[in-house]
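Keep the sequence and the 3D view open while reading.

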Amino acid sequence: MVLMSELPKIEIKTGPGGGRMAGGAAAKRMKFSIDDLHAWYGSHEVLRDITLDIGEKKVTAVIGPSGCGKSTFIRTLNRMHETIRGAGQSGKVLLDGENIFDKSVDPVLLRRRVGMVFQKPNPFPAMSIRDNVVAGLRLTGLLKNFQADTIAEKALKQAALWNEVKDHMNKPGGSLSGGQQQRLCIARSLAVNPEVLLMDEPCSALDPIATAKIEELIRQLREEYTIIIVTHNMQQAARVSDKTAFFLTGDLVEYDITEKLFTKPSDKRTEDYITGKFG
Amino acid sequence: MTLQTRNISGETEPDPSKPTAGGRKFHHKAGSFAEHIIVWFMFACSILSIFITVGIVGVLIFETISFFREVTFAQFFLDTRWTPLFSSKHFGIWPLIAGTLLTTSIAIAVALPFGLLSAIYLSEFAASNVRRAVKPLLEILAGIPTIVYGYFALILVTPFLQKIIPDLSGFNALSAGLVMGVMIIPMISSLSEDAIYAVPESLKEGAYALGSHKLPSIFQVVLPTARSGIAAATTLAISRAIGETMIVTIAAGQQAKLTFDPRVPIETMTAYIVQISLGETPAGTLEFKTIFVVGFSLFCMTLIMNILGQKLAKRHIGTTE
Amino acid sequence: MIRINPKISEKLFVALCVTVIALPLILLIVLIGDVAIKASERISWHFLTSFPSMKAEEAGIYSALVGSFYIIVLTGAVSLPVGVGAAIYLEEYAKKNLLTNLIEINIANLAGVPSIIYGLLGLGIFVHMLNLGRSLLAGGLTLALLVLPIVIMASREALRTVPPSLREASLALGATRWETIRQVVLPMAIPGILTGSILSISRAIGETAPLIPVGAVAYMAFLPDSLRDPFTVLPIQIFNWVSRPQEEFTLNAAAGIAVLLVVLLTINAGAIVLRDRYQKRTR
């Protein structure tokens, strides 16, 4: 049986001099160091001068009113933002000390270290549940056929979905309920063995019970993964995160330990937002 | 733009003793007599389509029944020779069906890969100005009359192929099949493109977010999700190829033969109908009725394919399979 | 299994796709080129105005040209009113009931019936049952039935481009349904209907198969005088020449094809120009 941690750690650089990741065991405290990040769609600037550090194996919440740039922000972290026509970014985002925007970095390989779960669950309808879970490995050519069942089981257990689907592994991915589909997508992302999990409003399409299950899941996953979760639900941010970042019209207004940000915010705008004066 | 309005009565003050203001009635159906006639005419035009189908089925079945009064089912379905015009008459349908299937298979063998790759390229790789230029060009392929394709197959393709395949006969299934395939490419390409376009963007994003490159996402996610639409396109293309007449009549030959060798002359169901229609066979004879029997078989085959194709086009993957 | 660099395999794949798209188009150019070269040896005023003959150099396309013209006029005269009428009924009046469903399924299926079958229909009904014989009339009616489904579908598409709000506004003013159609819907939809119909009917110009069982003859040394006369059309004449073993007739076939393609191109281009003109006016 192959343990997921035995799967090769993926180099994100291609070409000569692709850097060995320094000090794997002595983990850097800061998973992401973001410096002066700007992002735009065409001529419309969406993020301005964002600078912050994201802690490793912590849950960081990103909150703010609609249109503040929070989704754009996490989409720059796995370089999905630039896949949209006319979209671009500048600045530095260091993942374990290496700038992900460097020319030698292959975005495809980056995404194998930084996974993403979307707002609306998107399991692949033409695949069974089992195939959905291991899809990431099969798409990247890393799957050996005899591993599929083991990897799927482990990922589904991590995503707290195993017991519900273990007798239905051959059913199509779209046959589950909304909450189950989202956990399936989480399992699918985890099967690739990423270090970071980006979650873009993962519960906004789900009912409260499914939401609670996923929040519980996030608390468990924190022990192995760095999680960044965008949410428009402030109570959710307060429940699951260690630190919270508040964005407003493209600026990072405040970034602090969650408890402090929600009880004694430093910025008046933060206070206005969390007390419901706008947004 | 003026609209006719109902005549308002000349009174300026509505009479309170009358139930309706201005004396207008709205109890009789509005519209003149002429309008009713027009609507009935249009209704008749719509119903006509049903009568056309009834006509087709009626004509074919009538002669088919008449045919089977003289020829047994065993002769039709079990004989492997089709020689209604020879002195020793055989009425086994299989040589004609084999001819049709042979040319159709060759056509699909060309059109499916070419059409599918075109669809993938146009929807996933091509820049929009390339798409806008190429799509009409492919449509032109579909708009060329089949008689022109027939000329092409006989006069250009066969001599060319004869240089590569020495024992290729002057009339053969290969040339006709290849040219038919070219004609059908736009059908498969455009319907497959629609199917691929209908795959939600969120699925492609999901694949990229897992660290997938473009080709694996196309072949493992997009195409499987679009497979019903692609199957529908192929089925309709098969139906088209089965029903094609001029290309095979001109280039494939008029010798009914039960074979799957693409190098020899054969005869398709459609070519046989042409052969008899152009010939001297008098109407009302058994030999003449054969064109209706063959026509009926052809009709059934294409009908099944069309129904299958429409069912496949309506299928949505993933939740009900 | 050897791992190929994914970027390289993507480039190879795109190269394959481009080749695959280019091949049929190149074949098309070769075909047109061959036709043009061969046709140039035969095309002349004499060719266009002579009747067929046993001698290739003297054979002309006159009777076929005139026959095609007559047949298209006949086909259009029948299929246009019937097709547009059916389209209007189905789009504007028909309720969603079993009968309407049946009609629509029928139309969709008829569009997929092989054209030779329409020839058999024409033979059974027009030639024999209605006793029209192997005549221009039988041929025109057969072709009209063939193109009817696509005329209906194209007209319905054009009618659908008229926004429902316009119909509602007209009805709210007290107009009847037919008045609404005649004065509001049709003026907006006519350009689309015309373009669609012209394109559908122009396909009939290139049709060979349905006219064969109905009796289009291959050798007509005179013009049809009445609807009951025998007839020939361009594609049938081309078919006849292609079927002759003598090589000189190949040139005739090519010339005939050239004429056919020019006619088709002109009609299609005309229809598209018409549509663009009208679209500019109603914007």
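In which sense do strand 1 and strand 4 of chain A pair, and over how many bridges? Strand 1 (residues 30–41) and strand 4 (residues 87–95) of chain A pair in the antiparallel sense, over 8 bridges. The model is predicted.

- Chain A has an open sheet of 4 strands in the order 2-1-4-5, with antiparallel pairing.
- Strand 2 (44–55) and strand 5 (98–99) of chain A are at the edges; each has a single partner strand, so one side of each has no neighbour in the sheet.
- Strands of a sheet pair through backbone hydrogen bonds, and the pairing is either parallel or antiparallel.
- Two bridge pairs can be located by residue: Trp40(A) has Gly88(A) in strand 4 of chain A as its bridge partner, and Ile34(A) has Val93(A) in strand 4 of chain A as its partner.
- Strand 4 and strand 5 of chain A run antiparallel and are joined by 2 bridges.
- Leu95(A) stands opposite Glu98(A), which is in strand 5 of chain A.
- Strand 4 and strand 5 of chain A form a hairpin with 2 residues between them. In this turn, Asp96(A) has a positive phi of about 50°.

**Helix 7 of chain A**

- Helix 7 of chain A covers residues 178–191, which is 14 residues.
- From its first C-alpha to its last, helix 7 of chain A reaches 20 Å, close to the 20 Å expected at 1.5 Å a residue.
- Why is helix 7 of chain A described as largely enclosed by the rest of the structure? The reason is that 13 of its 14 residues are buried.

**Helix 5 of chain B**

- Helix 5 of chain B (residues 146–164) has 19 residues. The distance from its first C-alpha to its last is 25 Å, close to the 27 Å expected at 1.5 Å a residue.
- Where does helix 5 of chain B have a kink? The kink, of about 40°, lies at Val157(B), shortly before the proline Pro159(B).
- Val157(B) is also one of the buried residues of helix 5 of chain B. Others in that list include Thr146(B), Tyr149(B), Phe152(B) and Ile155(B).

**The two domains of chain B**

- Chain B is divided into domain 1 (35–68) and domain 2 (100–314).
- The centres of domain 1 and domain 2 of chain B, taken over C-alpha atoms, are separated by 30 Å.
- In the contact between these domains of chain B, 7 residues of domain 1 meet 8 residues of domain 2.
- On the side of domain 1 of chain B that touches domain 2 of chain B, there are 4 nonpolar, 2 polar and 1 charged residues.

**Contact between chain A and chain B**

- This contact involves 27 residues from chain A and 22 residues from chain B.
- Helix 7 (201–209) and helix 8 (214–225) of chain B each supply at least two residues of the side of chain B that touches chain A.
- Helix 7 of chain B gives the largest share of that side, with 7 residues.
- By class, the side of chain B that touches chain A has 9 nonpolar, 10 polar and 3 charged residues.
- Val221(B) lies in helix 8 of chain B.
- Is Val221(B) buried or exposed? Val221(B) counts as buried, because it has 24 C-beta neighbours inside 10 Å, and the cut-off for buried is 20 or more.
- Val221(B) and Ile56(B) are 165 residues apart in sequence and 43 Å apart in space, C-alpha to C-alpha.

**Contact between chain B and chain C**

- Here 66 residues of chain B are in contact with 60 residues of chain C.
- Helix 1 of chain B (residues 33–68) gives the most to the side of chain B that touches chain C, with 18 residues.
- That side of chain B has 45 nonpolar, 18 polar and 3 charged residues.

**Chain C**

- Chain C has 11 helices and 0 strands.
- The C-alpha atoms of chain C fill a box of roughly 70 × 70 × 40 Å along the principal axes.
- Chain C has 283 residues, of which 48% count as buried.
- Of the contacts in chain C between residues at least 6 apart in sequence, 76% join residues at least 24 apart.

Definitions and conventions:
Residues numbered from 1 in each chain as written. Chains lettered and ligands numbered in written order. Predicted model: local features only at pLDDT ≥ 70, side-chain atom pairs only at ≥ 80, totals over all residues. Contact = placed C-beta atoms within 7 Å. Nonpolar A, V, L, I, M, F, W, Y, C, P; charged D, E, K, R; others polar. Buried ≥ 20, exposed ≤ 12 C-beta atoms within 10 Å, placed from the backbone. Expected span 1.5 Å × (residues − 1). Bend = angle between axes of the 7 residues up to and from the residue. Domains from an automatic or database assignment. Pairing = 2+ DSSP bridges.
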